[in-house]
Amino acid sequence: MLDPQSGWCVGCGRTLGEIAGWGSLSEAERLAVMEGLPARMKNLPAVPVEA
């Protein structure tokens with residue numbers, strides 16, 4: 001599920017483009033994306049948990 005404001009996945013923090021192209025990224029490119037994920041995740045709004 002993507003956050004409509006940021007375009008980031010609420011589960012992993014990646015964009016749809018990053019998710020779709022993940023297999024074709026180099027290891028360095030993947031590491032660069034992963035390095036920024038904790039900051040993205042901190043900036044996402046809390047997602048309500050359904051019972």
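Which residues form a nonpolar patch on the surface? Select Leu 2, Leu 16 and Ile 19: together they make up that patch, with about 250 Å² of accessible area. Before going further, keep in mind that what you have open is a predicted model.

**Stop 1: Ile 19**

Stay on Ile 19 for a moment. You'll find this residue in helix 1, which covers residues 16-21. Color by accessibility and Ile 19 comes out as partly exposed, because its relative accessibility is 32%.

**Stop 2: Arg 40**

Now jump to helix 2, residues 27-43, and pick Arg 40. Is Arg 40 buried or exposed? Its relative accessible area is 17%, so Arg 40 falls on the buried side of the 20% cut-off.

Next, show what surrounds Arg 40. Leaving out residues up to four places away in sequence, Arg 40 touches Trp 8, Gly 13, Arg 14, Thr 15 and Glu 18.

**Stop 3: the Arg 40 and Glu 18 pair**

How many salt bridges does the count come to? It comes to 1. You're looking at it: the side chains of Arg 40 and Glu 18 meet, with 2.7 Å from N to O. This pair ties together distant parts of the chain, since Arg 40 sits in helix 2 and Glu 18 in helix 1, 22 residues apart. Both partners, Arg 40 and Glu 18, are buried.

**Stop 4**

While both are selected, check their accessibility. Cys 9 is buried, at 12% relative accessibility, whereas Cys 12 is partly exposed, with a relative accessible area of 24%.

**Stop 5: Pro 45**

Finish past the end of helix 2, where Pro 45 lies in the segment that follows. Pro 45 has a relative accessible area of 49%, so it counts as partly exposed. Pro 45 and Glu 35 are 10 residues apart in sequence, and their C-alpha atoms are 20 Å apart in space.

Key:
Residues numbered from 1 in each chain as written. Predicted model: local features only at pLDDT ≥ 70, side-chain atom pairs only at ≥ 80, totals over all residues. Heavy atoms only, no water. Patch = residues over 30% accessible without salt bridge, like charges linked within 9 Å, V, L, I, M, F, W, Y side chains within 5 Å. Areas by Shrake-Rupley, 256 points an atom, 1.4 Å probe, with all protein chains shown as cover. Salt bridge = Lys/Arg side-chain N within 4 Å of Asp/Glu carboxyl O. Helix = DSSP H or I, 4+ residues; strand = E, 2+ residues; numbered from the N terminus. Buried < 20%, exposed > 50% of the residue type's maximum accessible area, 1.4 Å probe, protein only. Contact = heavy atoms within 4.5 Å.
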